[in-house]
Each structure stands twice: as structure tokens, then as C-alpha cells.
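This briefing covers strand pairing, helix packing and model confidence. Please keep the sequence and the 3D view at hand while reading.

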Amino acid sequence: MGANASQLEKEIGSDQFPVNEHYFGLVNFGNTCYCNSVLQALYFCRPFREKVLQYKLQQKNQKKETLLTCLADLFYNIATQKKKVGTIAPKKFITRLRKENELFDNYMQQDAHEFLNYLLNTVADLLQEKQGNRSKSTVGGVDIHPKAASTWVHDIFQGTLTNETRCLNCETVSSKDEDFLDLSVDVEQNTSITHCLRGFSNTETLCAEHKYYCEVCCSKQEAQKRMRVKKLPQILALHLKRFKYMEQLNRYTKLSYRVVFPLELRLFNTSDDAYNPYRLYDLVAVVIHCGSGPNRGHYISIVKSHGFWLLFDDDIVDKIDASAIEDFYGLPSDLQKNSESGYILFYQSWE
């Protein structure tokens, strides 16, 4: 059973209870744990929370309701409560979400990663729309829209990958950059997140019918291709690809593999011209999938706040020991069974 205000203050130590911090569970409106778990993780990504609250204060007179105004209202409601601990119903946010996207307009379990993706992209689009309206100019009676500007969502979550291809005939290296708000990585049994990230940037040889057309050689050649990180974000969101489509079963099944994720992470698969390639990251939140498949089971989240860890399970809030995080690595045996395993990891850099 989750802790009430006095229990939690006792567990944390009422004398050490962080000033101006609030720990509120979120009511579940029929399988909305996928949403609640991501919202809790984002609330404890401090740079994101601060920008959302700042937005709320700047938009006092905005009449139009959007997913961002509903998110800002929710974060503001939590941050301004008189009580330190309690429960809040994110009804307005859920209603808006269901209105805007038919994927979420039902009482079925949804994929927390799909929701995270949709939320970050929608917030970024709304901010760009606002910036575009402000900076739109007219040339010869035609509206000219500048290239989509970077927003605080991009400042916090966006990194850049560089796709390098080296022709094995002339040694010319060509590269193409692509931006990301989160990285999806394949998982294997009994590995670590560092290993998964190394696999993400393994060198692949393009040969036979997959040969690469080299602009310098003007012909198809054997080549080596690899993906590396060129720009690291302030908050690195890592999505573990735990759901795999099994043709013989005609459905997605869960890979409950044990993947160790450390409390501190340093990425080594960065490109030679990467800015600050040895950036150190701290784990600040984890969205955890409990169960055996993407459309069944349950989502919870664990977050780090002022040096201690809390578990949010919809309206329940509990303090946990850092050692308990190991329980969410996954299962060491390959038997397909229910597990509570890390699904989306949020790492923050303080540099």
C-alpha cells in the first residue's frame, strides 16, 4: 500500500523533506498507467518541469486549450499544492489527449514509448507554431515561414546521430546527420545498457546486392556503415526495444531480458567531432513495464528526487532503496513470463 503524507515524510525524514517538492500520485482513468508513468518521469526531469511551469506563467491569458496547456496546468497543480503528498486526477489532460489522438481514445493499454514520443513532438510542434506566428514575415504579399525553430523541448531532449559510410575502394567517408528526441536500442539477454548502445553503433559491411553507390568512384562498391552519436542531449531518453513481433504467434511478445542500467552512464560511441563526448549522465527516472506484452500488463515509474528514490504506481507513492532498482533489470532466464523491467530510461547530464 502506498504511503500517505505523514508516512512518506517519516520515511524520508520530515527534517530532510525537500522544500517546495511535492509527491503526488495520479488517478488511473481506465488503463491510463502508460500515461501516468511517463508524466511522473517527465515531472522529475527537472529542466523539463521548469520549462513547462515557466510556460504556464507566460500563458496566463491564453484561452485556447492544447495538450501543452493541459500539461502545464497539471504540473502547476502538483507544484502549488499545500500538502506535500497526495493524489491528483489528471482528468483534463487525459480528456484532451483522447480528443486529439484516436490511438489513445479508448480504455485499452497503450505503449508508454508511443505516448512519450507523441507528447514531446506535440509540445515541440505547439511551441514552433507559436514562434512561427511571431516571426512570420511577408515578401511580395506571400507569407514566408522561417525554418522550424528549435524549442526548449529540443534544447533538453534532442541529440544528433551521424550515419557514416566509408567506401572500401577509395576510403572516402560520407556522413548524414539525423536528430532524435529519444534513442531506441535493441536488447539482448544478460547484457548492460552500455553493451546495447555499443551494438547500436556496430560497423556493418555493405556488400553483394547491398553495395553502396559511391559518388567518388561513380559506381557501386563495398562499404562499411556505422551510426555514431554526434551531439549528446541534456536529457538522454533511452527506449529499450522489449516488444518483438513473433510471426508464428501473430502478435508482439515481451523480451524480459535482464539488461543492467547503471545509476551513472558515460557514452563512448560518439563521433570524432562530437561536442563534450565524455559527458557523464545520472539516472533520474525509469518507466517500467510489468507483465508479458505491450497491450496487457501495467506501467509504473521510479524517479530520483533530492538523492532518494520513489516509486509511483498510479495513485500510490512509495519510497524505495536504490538497491531495489536491480529488481527492474529484467529476468536472467529466457523463459517468457511476467516481469517488471525497465522500458524507458531517462539520464540527465549536469554538465
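Arg 166 has Val 173 of strand S6 as its bridge partner. This is a predicted model: local features need pLDDT of at least 70, side-chain atom pairs count only at pLDDT 80 or more, and totals for chains, interfaces and linings use all residues. Residues are numbered from 1 along each chain as its sequence is written, and side-chain values use heavy atoms, with hydrogens and water left out. Helices (H or I, at least four residues) and strands (E, at least two) are DSSP runs, numbered from the N terminus.

**The sheet**

- Strands of a sheet pair through backbone hydrogen bonds, either parallel or antiparallel.
- Here four strands make an open sheet, ordered S6-S5-S12-S9, with antiparallel pairing.
- Two strands pair if DSSP finds at least two bridges between them.
- S6 (173-180) and S9 (204-206) are the edge strands, and each pairs on one side only.
- Direction ignored, neighbouring strands of this sheet are turned by 30° against each other on average.

**Strand pairs**

- S5 (residues 159-167) pairs with S6 over eight bridges, in the antiparallel sense.
- S5 is also joined to S12 (residues 223-231) by eight bridges, and these two run antiparallel.
- Within that pairing, Thr 165 has Lys 225 of S12 as its bridge partner.
- Three bridges link S9 and S12, again antiparallel.
- Thr 205 has Gln 224 of S12 as its bridge partner.

- Two packed helices are described by the angle between their axes and the distance between the axes.
- Axes are lines fitted to C-alpha atoms, for helices over the stretch in contact, and angles run from 0 to 180 degrees between N-to-C directions.
- The axes of H2 (residues 33-43) and H4 (residues 67-79) come within 12 Å and cross at roughly 65°.
- H2 is therefore roughly perpendicular to H4 (angles under 35 degrees count as roughly parallel, over 145 as roughly antiparallel, 65 to 115 as roughly perpendicular and the rest as oblique).
- H2 brings Leu 39, Leu 42 and Tyr 43 to the contact, and H4 brings Leu 71, Leu 74, Phe 75, Ile 78 and Ala 79 (contact means heavy atoms within 4.5 Å).
- The residues of this contact divide into eight nonpolar, no polar and no charged (Ala, Val, Leu, Ile, Met, Phe, Trp, Tyr, Cys and Pro count as nonpolar, Asp, Glu, Lys and Arg as charged, and the others, Gly among them, as polar).

**Helix H2 against H5**

- H2 and H5 (residues 91-100) pack at about 120°, with axes 12 Å apart.
- H2 passes H5 in a right-handed crossing.
- Tyr 34, Cys 35 and Leu 39 of H2 meet Phe 93, Ile 94 and Leu 97 of H5.
- The H2 and H5 contact residues comprise six nonpolar, no polar and no charged.

**Helix H3 against H4**

- The axes of H3 (residues 46-58) and H4 come within 9 Å and cross at roughly 105°.
- H3 is therefore roughly perpendicular to H4.
- The contact includes Arg 49 and Lys 56 of H3 and Asp 73 of H4.
- Its residues divide into 11 nonpolar, one polar and three charged.

**Confidence**

- The protein chain has a mean pLDDT of 88, and 89% of its residues reach 70 or more (pLDDT is the predictor's confidence in each residue, from 0 to 100).
- Over residues 134-146 the pLDDT is below 50, and this stretch has nine contacts in the model beyond near neighbours in sequence.

Terms used
A crossing is left-handed if the near helix is turned anticlockwise from the far one by less than a right angle, and right-handed if clockwise.
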